[in-house]
Amino acid sequence: MPQVDHAALVSGSHDLVLLVRTRDTTSLRELVPTHLQGMPEITSTETVLIFDELRSP
């Protein structure tokens, strides 16, 4: 999927974390239920929005 900027296999309560970039919230609301939740391998999703990023100098 072109919206996926980064994917990581993680430990804990989640198996996979995807960083997706969409042009707006409408595109995000279309991506998650239509594409991600439509995959039989995906049993649940949790969406977290990034409002700002901290960068090291």
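**Questions on a predicted model**

Colleague: Where is Thr22 found?

Modeller: Thr22 lies in the loop between β2 and α1. Strands (E, at least two residues) and helices (H or I, at least four) are DSSP runs, numbered from the N terminus. This is a predicted model, in which local features need pLDDT of at least 70 and side-chain atom pairs count only at pLDDT 80 or more, while totals for chains, interfaces and linings use all residues. Residues are numbered from 1 along each chain as its sequence is written, and side-chain values use heavy atoms, with hydrogens and water left out.

Colleague: Why is Thr22 called partly exposed?

Modeller: Its relative accessibility is 29%. Buried means under 20% relative accessible area, exposed means over 50%, and partly exposed is in between (1.4 Å probe, protein chains only). The value for Thr22 falls in the middle class, so Thr22 counts as partly exposed.

Colleague: Which residues does Thr22 touch?

Modeller: Leaving aside residues up to four places away in sequence, Thr22 touches Gln3, Ser27, Leu28 and Leu31. A contact requires heavy atoms within 4.5 Å. The C-alpha atoms of Thr22 and Ile42, 20 residues apart along the chain, are separated by 20 Å.

Colleague: What makes Leu36 buried?

Modeller: Leu36 has a relative accessible area of 9%, which is under the 20% limit, and therefore Leu36 is buried. Leu36 is placed in helix α1. Not counting residues up to four places away in sequence, Leu36 touches Met1, Leu18, Leu31 and Ile42. Of the 57 residues of the protein, 9% count as buried.

Colleague: How do you know that Arg21 and Asp5 meet in a salt bridge?

Modeller: A salt bridge is a side-chain nitrogen of Lys or Arg within 4 Å of a carboxyl oxygen of Asp or Glu. The N to O distance for Arg21 and Asp5 is 3.1 Å, so the pair qualifies. This pair links distant parts of the chain, 16 residues apart: Arg21 is in the loop between β2 and α1 (25-36), and Asp5 is in strand β1 (residues 4-9). Arg21 has a relative accessible area of 46% and is partly exposed; Asp5 is also partly exposed, at 46%.

Colleague: What makes Arg55 and Glu53 a salt bridge?

Modeller: Their closest N and O atoms are 3.8 Å apart, and this lies within the 4 Å limit, so Arg55 and Glu53 form a salt bridge. By this rule the count comes to two salt bridges.

Colleague: Why does Arg55 count as exposed?

Modeller: The relative accessibility of Arg55 is 69%, over the limit of 50%, and therefore Arg55 counts as exposed. Glu53, at 41%, is partly exposed.

Colleague: What makes Leu9, Leu16 and Leu18 a nonpolar surface patch?

Modeller: Patches are made of residues with over 30% relative accessible area and no salt bridge; like charges are joined within 9 Å, and nonpolar side chains (Val, Leu, Ile, Met, Phe, Trp, Tyr) within 5 Å. The patch made by Leu9, Leu16 and Leu18 covers about 310 Å², an area that comes from the Shrake-Rupley method with a 1.4 Å probe, where for residues only the protein chains shown count as cover.

Colleague: In what order do the elements of the protein run from the N terminus on?

Modeller: The order is β-β-α, with one helix and two strands in the protein.
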